[in-house]
Amino acid sequence: MEALARFGFELGVLKRIRRAGWWQAGVRDPESVAEHTARVAQLAGLLAAEGGADPAKAAYLALWHDTQETRTGDLPHTIKGFVEKPDPRAITAAQTSSLPGAARDSVRDAVDEYESAESPEALYARDADKLEMLLQAVEYRDVGVRNVDEWIASATKGLQTDLARRVAEAALTLSSLSWRVR
């Protein structure tokens, strides 16, 4: 049980790691990786439910998609060409090496399925990651950050399912404040 507690402390680092790419857009205090992950998991579950897949599984895959950043930090896209992207499976294997078998296998299987991007749940989880970035960009734009078009374009281009594309189109026609109860 000590290994689970230690890993829990490691996961807490995600609350303190900021999403680094947003600094390049001029955001002074970007959301943390943990904040990003929470909305990704929620969106993954919703997309999967609407798409006829398992929402709990999609949300679980999404929960683990960036946990490797406790070891690497959040690496912005501008590293391409300078630094090779670390292998999420290898990092997860190291992170979970001391966990009890069922917990270890659960995390490793989730990361492997997410990275393989073959199951409907993995596709929805991956699309949720892109949609979350798009929603965050719209939110930043609505509070005056001007340099978000690159993030919106990247998120939109990366979507794999028609359902996620339709959500993105809807999001781009709304203000981020449109959700408020009227």
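The structure is a predicted model, in which local features require pLDDT of at least 70 and side-chain atom pairs count only at pLDDT 80 or more, while totals for chains, interfaces and linings use all residues. Residues are numbered from 1 along each chain as its sequence is written, and side-chain values use heavy atoms, with hydrogens and water left out.

The chain contains 10 helices and 0 strands; helices (H or I, at least four residues) and strands (E, at least two) are DSSP runs, numbered from the N terminus. Its radius of gyration, taken over C-alpha atoms, is 17 Å, close to the 16 Å that the globule rule gives for 182 residues, so the chain is as compact as a globular protein of that length. The rule itself is 2.2 Å times the number of residues to the power 0.38. Along the principal axes, the C-alpha atoms fill a box of roughly 45 × 35 × 35 Å.

Of the 182 residues, 44% are buried, where buried means under 20% relative accessible area, exposed over 50%, and partly exposed in between (1.4 Å probe, protein chains only). Contacts, defined by heavy atoms within 4.5 Å, also describe the fold: among those between residues at least 6 apart in sequence, 66% join residues at least 24 apart.

Helix α6 (residues 88-95) shows how burial is arranged on a single element. Its buried residues are Pro88, Ile91, Thr92 and Gln95. These residues cover an arc of only 100 degrees around the axis, which puts them on the same side of α6; the arc is that of the directions from the helix axis to the C-beta atoms. The cover over these buried residues includes α1 (2-12), α5 (69-72) and α7 (101-116).

Val33 belongs to helix α3 (residues 33-51) and, at 0% relative accessibility, counts as buried. Beyond residues up to four places away in sequence, Val33 touches Leu14, Ile17, Arg19, Asp66, Glu69 and Asp74. The C-alpha atom of Val33 is separated by 9.2 Å from that of Gly73, 40 residues apart along the chain.

Ala117 is placed between α7 and α8 (120-142). Most residues other than glycine have a negative phi. Ala117, although not a glycine, has a positive phi of about 55 degrees. With a relative accessible area of 23%, Ala117 is partly exposed.
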